[in-house]
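Subject: Structure handover

Hello,

Here is the structure you will be working with. Please look it over first; my notes on it follow below.

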Amino acid sequence: MFSLARFDWRTFVAVVVVAVSVVVAMVLYSDGDGPPPNGGHGPTQPSSAMSRLVFAVWGNETEIEAYRKIVADYNEDSVVVDVHVEAWPDSSSMLADIRSGDVAPDLYMLPREELAETLETERNRPVLDLLDARGVAFGDEFPREALSAFTADDNLQCMPYTSSPMVIYYNTDLIDFERMAARDLPVPPEDLEYWTLDMFRAAAAFASRPRKESKGVYIEPTMRGLAPFVYAGGGSVFDDDTDPTSLALSDEDNVDSIRETLEVLRDPTITLTNKQLREESALHYFESGELGMIAGFRDLTPRLRQVAGLNFDVMPMPELDDDATIGDLAGVCVAEGPQERVEQSADFLVNLLSDEAVTTMAATGYLMPTKLDVSFSDAFLQPDLQPANSRAFVSSIRSIVLPPLLAVWPDLEAAVDPDLERLLTQPSIEDLEAELEAIDEKSQTVLDPEQPEESEDPSESVSPSD
């Protein structure tokens with residue numbers, strides 16, 4: 001029989017707490033449109049107690065799907081935050097929406113060439129202390145070159161995530177090193193770890209076959225296209241590695257290597273003509289088997305794999321005095337914001353850097369992971385697929401030369417690329433040094449626009465009447 005004597009004040013408090021809990025649960029249930037999602041096994045949308053983080057990325061459908069898988073796996077285990085992927089087809093459209101305020105992500109992918117502008121507008125929170133506090137082993141797992149690429153003001157501004165060097169893609173039907181060697185032509189060693197400019201030119205000539213209307217090589221006539229050859233010649237593209245005021249193409253160290261390079265890239269017997277390029281892109285000629293070599297990054301690999309009948313492989317950029325190339329690098333930035341959201345974003349970033357997550361991205365074939373263990377794994381090398389020499393991507397990482405961080409890259413390219421195109425395509429040049437000096441001077445209008453004009457000679461300013 002129920003006894004009122006046992007219903008003291010402690011029992012009364014307990015009953016009240018239970019009753020309130022039941023009422024709250026009924027109210028929450030009534031606010032929804034039905035029973036809890038997933039049969040009560042976990043929410044698909046963040047509850048009122050969970051933070052919603054936005055991760056901004058760009059890429060094709062395969063890449064975006066990989067990002068979404070990583071996020072879905074993270075959300076399944078998370079009880080604190082729910083991460084949402086916002087995706088764009090390219091980095092330019094993503095950054096345009098971020099700059100306009102149409103989207104305010106908590107984390108976002110960022111091309112390295114956009115880092116200077118990001119720092120100027122203070123859109124990121126440095127990640128070194130955030131990741132160090134979470135035990136990320138920078139020195140053991142990530143190459144120093146990649147970390148340096150996203151370091152500014154003595155701090156790691158964003159975490160390097162992908163880092164593909166520029167390499168040479170070549171058609172193995174048009175360029176057969178064994179057949180070249182049998183004709184006593186200069187060829188790379190059997191391990192295909194390097195080749196010289198002479199070997200590169202011999203391969204281009206070998207692939208140029210008038211009867212098949214094929215040409216040997218095409219290098220984009222731009223600053224990015226020419227840069228690897230300048231660096232490989234032991235020179236520098238800029239007059240200063242951190243705060244340039246001019247291009248340095250006319251420097252004595254550069255002129256000879258540029259002249260040697262142009263003798264190959266401007267040879268009309270082995271390169272695509274302007275008329276051919278007006279009709280089709282260089283990539284079209286390569287895919288159709290009419291071009292022996294083209295420069296590119298890792299993201300070109302899956303596209304070429306889909307071309308029926310195309311057999312291709314990759315080599316590092318050719319050496320002159322040294323081995324050098326440029327890189328297509330992207331990092332993950334944490335947006336500036338409330339400390340709690342920054343900490344939550346850093347937690348997710350650690351997960352994004354895990355072997356499992358990085359392997360998911362590498363398996364798409366489009367991205368080369370910065371994380372060393374994964375870049376050396378079959379997930380990236382994909383030994384059963386073209387190209388057979390995928391290790392060329394990995395071995396070239398340490399050959400990447402980093403240009404200065406500039407917020408004026410588009411303006412600089414617009415100023416000098418037309419002259420560089422003429423330099424790399426016209427049949428002959430009477431005075432190469434003068435041409436290079438003119439290009440350097442044009443770059444100064446962008447890199448050092450406030451440079452004072454040269455003062456007049458005092459003797460010339462004296463009037464005749466004096």
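A salt bridge is taken here as a side-chain nitrogen of Lys or Arg within 4 Å of a carboxyl oxygen of Asp or Glu. By that rule Arg201 and Asp267 form a salt bridge, with their closest N and O atoms 3.2 Å apart. The pair connects distant parts of the chain: Arg201 sits in helix H9 (residues 197–207), while Asp267 sits in the loop between helix H11 (252–265) and helix H12 (274–279), 66 residues apart. Arg201 is partly exposed at a relative accessible area of 31%, whereas Asp267 counts as buried at 14%. Please keep in mind throughout that this is a predicted model.

Overall figures

The protein chain has 466 residues, of which 47% count as buried. It contains 21 helices and twelve strands. Among the contacts with a separation of 6 or more, 74% are between residues 24 or more positions apart. The accessible surface of the chain comes to about 24100 Å², and carbon and sulfur atoms hold 49% of that.

Other salt bridges

How many salt bridges does a search of the whole structure find? The count is 18. Two others are described here.

Arg99 and Glu114 form one of them, with 3.0 Å between the closest N and O atoms. Arg99 belongs to helix H3 (residues 91–100) and Glu114 to the loop between strand E3 (107–111) and helix H4 (115–120), so the pair ties together parts that are 15 residues apart in sequence. Both residues are partly exposed: Arg99 has a relative accessible area of 40%, and Glu114 has one of 22%. The pair is also part of a network of salt bridges that links Arg99, Glu114, Glu117 and Arg123.

Glu141 and Lys371 form another, with the closest N and O atoms 3.8 Å apart. Here the pair ties together parts that are 230 residues apart in sequence, because Glu141 lies in helix H6 (residues 138–141) and Lys371 in the loop between helix H16 (355–362) and helix H17 (372–375). Glu141 is partly exposed, at a relative accessible area of 26%. Lys371 is buried, at 6%.

Around H16 and H17

Helix H16 has buried residues at Ala357, Val358, Thr360, Met361 and Ala362. What do the buried residues of H16 pack against? Their partners are helix H2 (61–77), strand E7 (159–165), helix H15 (339–352), H17 and helix H18 (378–381).

In H17 itself there is Asp373, which is exposed with a relative accessible area of 52%. Asp373 and Asp140 are 233 residues apart in sequence, yet their C-alpha atoms are 9.5 Å apart in space.

Charged patches

A patch of negative charge on the surface gathers Asp239, Asp240, Asp241, Asp243, Asp251, Glu252, Asp253, Glu430, Asp431, Glu433, Glu437 and Glu441. H11 and helix H21 (432–447) each supply at least two of its residues, and the largest share, three residues, comes from H21. Glu441 is located in H21 and is exposed, with a relative accessible area of 51%.

There is also a positive surface patch, formed by Arg179, Arg183, Arg211 and Lys212. Arg179 is placed in helix H8 (residues 177–182) and is partly exposed at 36% relative accessible area.

Backbone points to check

Most residues other than glycine have a negative phi, and most peptide bonds are trans. The following depart from that pattern.

- Leu192, which is not a glycine, has a positive phi of about 55 degrees. It is in the loop between H8 and H9 and counts as buried at 17% relative accessibility.
- Glu213 has a phi near 55 degrees, again a positive value in a residue other than glycine. It is in the loop between H9 and strand E9 (215–218) and is exposed, with a relative accessible area of 59%.
- Gln386 and Pro387 are joined by a cis peptide bond, with omega about 0 degrees. Pro387 lies in the loop between H18 and helix H19 (391–395).

Regards

Methods: Residues are numbered from 1 along each chain as its sequence is written. This is a predicted model: local features need pLDDT of at least 70, side-chain atom pairs count only at pLDDT 80 or more; totals for chains, interfaces and linings use all residues. Side-chain values use heavy atoms; hydrogens and water are left out. Patches are made of residues with over 30% relative accessible area and no salt bridge: like charges are joined within 9 Å, nonpolar side chains (Val, Leu, Ile, Met, Phe, Trp, Tyr) within 5 Å. Accessible areas come from the Shrake-Rupley method with a 1.4 Å probe; for residues, only the protein chains shown count as cover. Lys and Arg count as positive and Asp and Glu as negative; His and the chain ends are not counted. The place of a charge is taken as NZ of Lys, CZ of Arg, CG of Asp or CD of Glu. Helices (H or I, at least four residues) and strands (E, at least two) are DSSP runs, numbered from the N terminus. Buried means under 20% relative accessible area, exposed over 50%, partly exposed in between (1.4 Å probe, protein chains only). Contact means heavy atoms within 4.5 Å.
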